[in-house]
Amino acid sequence: MVRDDGRVHGTVADGFESVREAFAAMLAEARDAPEAQPVVHVEGRRVVDLWGGPGTGTR
């Protein structure tokens, strides 16, 4: 699934949407507005590839 809501960019596989939600919540609550990029592989398959924070509109 691809989604770009202006704050979180990237993809999550079906069943991993809660990772996107948790990442978006972390960015929203952070006082220092960090830039971050979680990537998760399960059995060799990329299931999460997200990025967000100030200045991360493109990769």
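H1 has a set of buried residues. Which residues are exposed on the other side of H1?

Mentor: The exposed residues on that other side are Glu21 and Glu29. Keep in mind throughout that this is a predicted model.

To place the helix, begin with the whole chain. The protein chain has one helix and three strands, and from the N terminus on its elements run β-α-β-β. With 13 residues at 1.5 Å a residue, H1 should span 18 Å; the C-alpha atoms at its ends are 19 Å apart, which agrees.

Now the covered side. Arg20, Phe23, Ala24 and Leu27 are the buried residues of H1. Buried here means under 20% relative accessible area, whereas exposed means over 50%. Viewed down the axis of H1, the buried residues fall within an arc of 100°, so they line one face of the helix. An α-helix has 3.6 residues a turn, so residues three or four places apart point the same way.

What lies over that face? The cover of the buried residues of H1 includes E1 and E3. H1 lies across these two strands and runs at about 165° to E1.

The strands belong to an open sheet. Its three strands come in the order E1-E3-E2, with antiparallel pairing. E1 and strand E2 (39-42) stand at the edges with a single partner strand each, so one side of each has no neighbour in the sheet. On average, neighbouring strands of this sheet are turned by 5° against each other, direction ignored. As for how such pairs are held, strands of a sheet pair through backbone hydrogen bonds, either parallel or antiparallel.

Take the two pairings in turn. E1 and E3 run antiparallel and are joined by five bridges; across this pair, threonine 11 stands opposite aspartate 49 in E3. E2 and E3 also run antiparallel, joined by four bridges. E2 and E3 form a hairpin with two residues between them. Glutamate 43 lies in the loop there and has a positive phi of about 50°, although it is not a glycine. With a relative accessibility of 83%, glutamate 43 counts as exposed.

E3 itself is mostly covered, with six of its eight residues buried. Leaving out residues up to four places away in sequence, valine 48 touches Thr11, Val12, Phe16, Val19, Pro38, Val39 and Val40.

Threonine 11, in strand E1, is 36 residues from valine 47 in sequence, yet their C-alpha atoms are 7.8 Å apart in space. At 31% relative accessibility, threonine 11 counts as partly exposed. Aspartate 14 sits in the loop between E1 and H1; 33 residues separate aspartate 14 from valine 47 in sequence, and their C-alpha atoms are 8.2 Å apart in space. Aspartate 14 is exposed, with a relative accessible area of 63%.

The totals for the chain complete the picture. Of its 59 residues, 27% count as buried. Among contacts between residues at least 6 apart in sequence, 39% join residues at least 24 apart.

To return to your request: the buried residues of H1 line one face, with E1 and E3 included in what covers them, and Glu21 and Glu29 are exposed on the other side.

Definitions and conventions: Residues numbered from 1 in each chain as written. Predicted model: local features only at pLDDT ≥ 70, side-chain atom pairs only at ≥ 80, totals over all residues. Heavy atoms only, no water. Contact = heavy atoms within 4.5 Å. Pairing = 2+ DSSP bridges. Axes fitted to C-alpha atoms, helices over the stretch in contact; angles between N-to-C directions. Expected span 1.5 Å × (residues − 1). Buried < 20%, exposed > 50% of the residue type's maximum accessible area, 1.4 Å probe, protein only. Arc of directions from axis to C-beta.
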